[in-house]
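Me: I am new to this structure and would like to learn how to read it. Could you take me through it one feature at a time?

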Amino acid sequence: GLCHNITAKFFYHPESSTIVKERDIDSAYFYKLGETYFYDNKPLPPEVEDDIEEYLRHHLHNFDLVLVMDFGHRFFTPKLIRVIREKAKFLALNTQMNAANFGFNVITKWPGADFIVLDEKELRLAVHNEHEDVENLITDLKNSRENFFQTIATPRGSRGSIIFNLNQGFKNAPAFSTKVIDLVGAGTAYMAITAPLAAKNVPIELICFIGNAAGAMNVSVLANKKLIEYGPLMKFLAALLK
């Protein structure tokens, strides 16, 4: 369930069902072999979309950080995208690539964000480039006329992460994983930890360093069995700096 300090506001899609994702896992190494999605990909009913838009218009200004995880299941309509970009003080954004939306859910559907996190495949799909170096791809994305992204972070698994900011240029940090059990949720952990840091204008070299630490902690446990909490994260960072 949700942590005790989270207040949730739920909206319900009466014409759809809960999405179920079944993964086939190698039992020895927990490597994902494949997955099956069970869901009805109907668009939001107009009345539900209107209710969400009204709520966002009245409440987004109360938050210092708006964190959007766009999984490509038709929740973020053009209307909702516009109001979020218009009203959010600081927008952190990820458009996730998964088996159900491959190739269609790209960051360029959004007019911009203050901070985005894309893994390497998501980045390559966004700029339609399979072979260029990641730095060149990030440069291409930030030069896009239709979109404006202040900071772009790309976690790269065993190769660490690279981050770009319009004022600070490129920085990178190595991976800190010593025990890899399961890769599920590593990118989401990176996003959850780095977005508040970006909103507080933390230097980008610290953002990718701390984000990589969160990713390393996440891959050391099966799936999302443990939360990444403040105390253990601080101990891990202190150990890395010794």
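Reply: Gladly! Residues are numbered from 1 along each chain as its sequence is written. This is a predicted model, in which local features need pLDDT of at least 70, side-chain atom pairs count only at pLDDT 80 or more, and totals for chains, interfaces and linings use all residues, while side-chain values use heavy atoms, with hydrogens and water left out.

Me: Thanks! In which loop does Arg74 lie?

Reply: Arg74 lies in the loop between S3 and H2. Its phi is near 75°, a positive value in a residue other than glycine.

Me: Which loop holds His128?

Reply: His128 is found in the loop between H3 and helix H4 (134-142). Here too phi is positive, about 55°, although His128 is not a glycine.

Me: How do I read the words buried and exposed?

Reply: Buried means under 20% relative accessible area, exposed means over 50%, and partly exposed is in between (1.4 Å probe, protein chains only). Arg74 has 42% relative accessibility, so it counts as partly exposed. His128 has 73%, so it counts as exposed.

Me: What is the rule for a salt bridge?

Reply: The general idea is that side chains of opposite charge can pair when their charged atoms come close. The rule used here asks for a side-chain nitrogen of Lys or Arg within 4 Å of a carboxyl oxygen of Asp or Glu. By this rule the count comes to 13 salt bridges. One of them joins Asp40 and Lys42, whose closest N and O atoms are 2.4 Å apart. Asp40 is partly exposed at 32% relative accessibility, and Lys42 is partly exposed at 34%.

Me: Which distant parts of the chain does the pair of Lys79 and Asp50 link?

Reply: Lys79 and Asp50 meet through their side chains in a salt bridge (3.0 Å, N to O). Lys79 sits in helix H2 (residues 78-87) and Asp50 in helix H1 (residues 46-59), 29 residues apart. Both belong to a network of salt bridges that links Asp50, Glu53, Arg57, Lys79, Glu86 and Lys87.

Me: How far apart are the closest N and O atoms of Glu120 and Arg156?

Reply: They are 3.0 Å apart, and the two residues form a salt bridge. This pair also links distant parts of the chain: Glu120 is in helix H3 (residues 120-127), and Arg156 is in the loop between strand S6 (148-155) and strand S7 (161-165), 36 residues away. Glu120 is buried, with a relative accessible area of 13%, whereas Arg156 is partly exposed at 23%.

Me: What is a nonpolar core?

Reply: In soluble globular proteins, nonpolar side chains tend to be buried together. A nonpolar core here is a set of buried Ala, Val, Leu, Ile, Met, Phe, Trp, Tyr and Cys residues joined through side-chain atoms within 4.5 Å. The largest one has 31 residues, and those with the most contacts inside it include Val68, Ile84 and Trp110. A second, separate core of 26 residues includes Ile163, Ala173, Ile204 and Leu233.

Me: Is Cys208 buried or exposed?

Reply: Cys208 is buried, with a relative accessible area of 0%. Cys208 lies in helix H6 (residues 204-219). Leaving aside neighbours within four places in sequence, its contacts include Ser161, Ile163, Ala173 and Tyr190.

Methods. Helix = DSSP H or I, 4+ residues; strand = E, 2+ residues; numbered from the N terminus. Contact = heavy atoms within 4.5 Å.
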